[in-house]
Amino acid sequence: MAPAVTVNLVEPTTLPHKGGVPVGNGKLHDSNDVETADGKWKDFSFHPIRESQVARAMARRYFNDLDTYAESDIVIVGAGSCGLSTAYTLAKARPDLKIAIIEASVSPGGGAWLGGQLFSAMVMRKPADKFLTEVGVPFEDEGSYVVVKHAALFTSTLLSKVLAFPNIKLFNATSVEDLITRRDESGGLRIAGVVTNWTLVAMHHDDQSCMDPSTINAPVVISTTGHDGPFGAFSVKRLVSMQALEKLGGMRGLDMNTAEDAIVKGTREIVPGLIVGGMELSEVDGANRMGPTFGAMALSGVKAAEEALRVFELRQKQNAI
């Protein structure tokens, strides 16, 4: 491992223009003053490296993670606000569990980087403010609801905390293409993991030859892929196609007051081994959509984690076979 590098910071400068450069306090200085300000950088150099070292550092760790998490304790499908809240709650409660997060997009966070209609602020109805306090996100208290000044502040803060847990691995740019299933003695269906592929591969099955996937075994899968869409509601749609569910209820129109309560209360194990939370659940239950209010996403994640811990020991024993 390369030794730590200590860098002495200097006041920021801008590029030269018409007679001088604003340095520090914004006043124009001649080139001699600029040279003095830049003096600490004249002998600066990064430690030397070969390109192959970079390639090996990335590949070695990635494939080690694939090997480590091929047998996971819990897999979370979808790294939006609900999935990340689930991961945070689980990892904090059970640091002994191996938790894999599978996210189809390159960038985790789902639709939680902005509020509604591309506006910046994020609204959460109380008591979701308790989760904001837990993860350290400041907000303005408006009585029955709170406002985070930018949705990206919530998402980036939560994401950074999730990724800091040593027992969590995020596989982004990775799609879940199917569910691993088992049958019990009575013929009942149980979910025992996920079938994965890189998203760019999954997007080109129709114009390339067969590109088989890989797998992750886990006694509990938590699906938070959002409402119906290209990658949305994937797990529950697959349950219908494999006849584990008769049909989906279909998400109803927008009603904030009805929708948020229903999503949190309804977060549960749909079939043994598969817990569904967030807006994916609205497709199962025929719940209303909630629009640009995010409290239910966070608290559905908390409840999904609690449901997972409630059934984990039993599903782990079943999955050992």
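Guide: In β10, L189 is the bridge partner of R183. The model is a predicted one, in which local features need pLDDT of at least 70 and side-chain atom pairs count only at pLDDT 80 or more, while totals for chains, interfaces and linings use all residues. Residues are numbered from 1 along each chain as its sequence is written, and side-chain values use heavy atoms, with hydrogens and water left out.

Visitor: What makes β9 and β10 a pair?

Guide: Two strands pair if DSSP finds at least two bridges between them. β9 and β10 (residues 189–198) have 9 bridges in the antiparallel sense, so by the definition they pair. Strands themselves are DSSP runs (E, at least two residues), as helices are runs of H or I with at least four, both numbered from the N terminus. The protein chain has 10 helices and 16 strands.

Visitor: Why are β9 and β11 said to stand at the edges?

Guide: The open sheet has 3 strands in the order β9-β10-β11, with antiparallel pairing. β9 (174–183) and β11 (214–217) each have a single partner strand, so one side of each is left without a neighbour in the sheet.

Visitor: Why is T267 called buried?

Guide: Buried means under 20% relative accessible area, exposed means over 50%, and partly exposed lies in between (1.4 Å probe, protein chains only). T267 has a relative accessible area of 0%, and is therefore buried. T267 lies in the loop between α8 (256–266) and β14 (268–271). In the protein chain of 321 residues, 43% count as buried.

Visitor: Which residues are in contact with T267, leaving aside its neighbours within four places in sequence?

Guide: Contact means heavy atoms within 4.5 Å. The residues in contact with T267 are V276, G277, G278, L281, S300, K303, A304 and E307.

Visitor: What makes a set of grid points a pocket?

Guide: On a 1 Å grid over the protein atoms alone, a pocket is an open set with protein on both sides within 12 Å along at least five of seven lines, whereas a cavity is a set where a 1.4 Å probe fits but cannot get out. The largest pocket has a volume of about 1,000 Å³, a volume being the space filled by probe spheres set on the points, which are joined across faces, edges and corners.

Notes: 1 Å grid on protein atoms, 1.4 Å probe; cavity = no way out; pocket = protein on both sides within 12 Å on 5 of 7 lines; lining within 4 Å.
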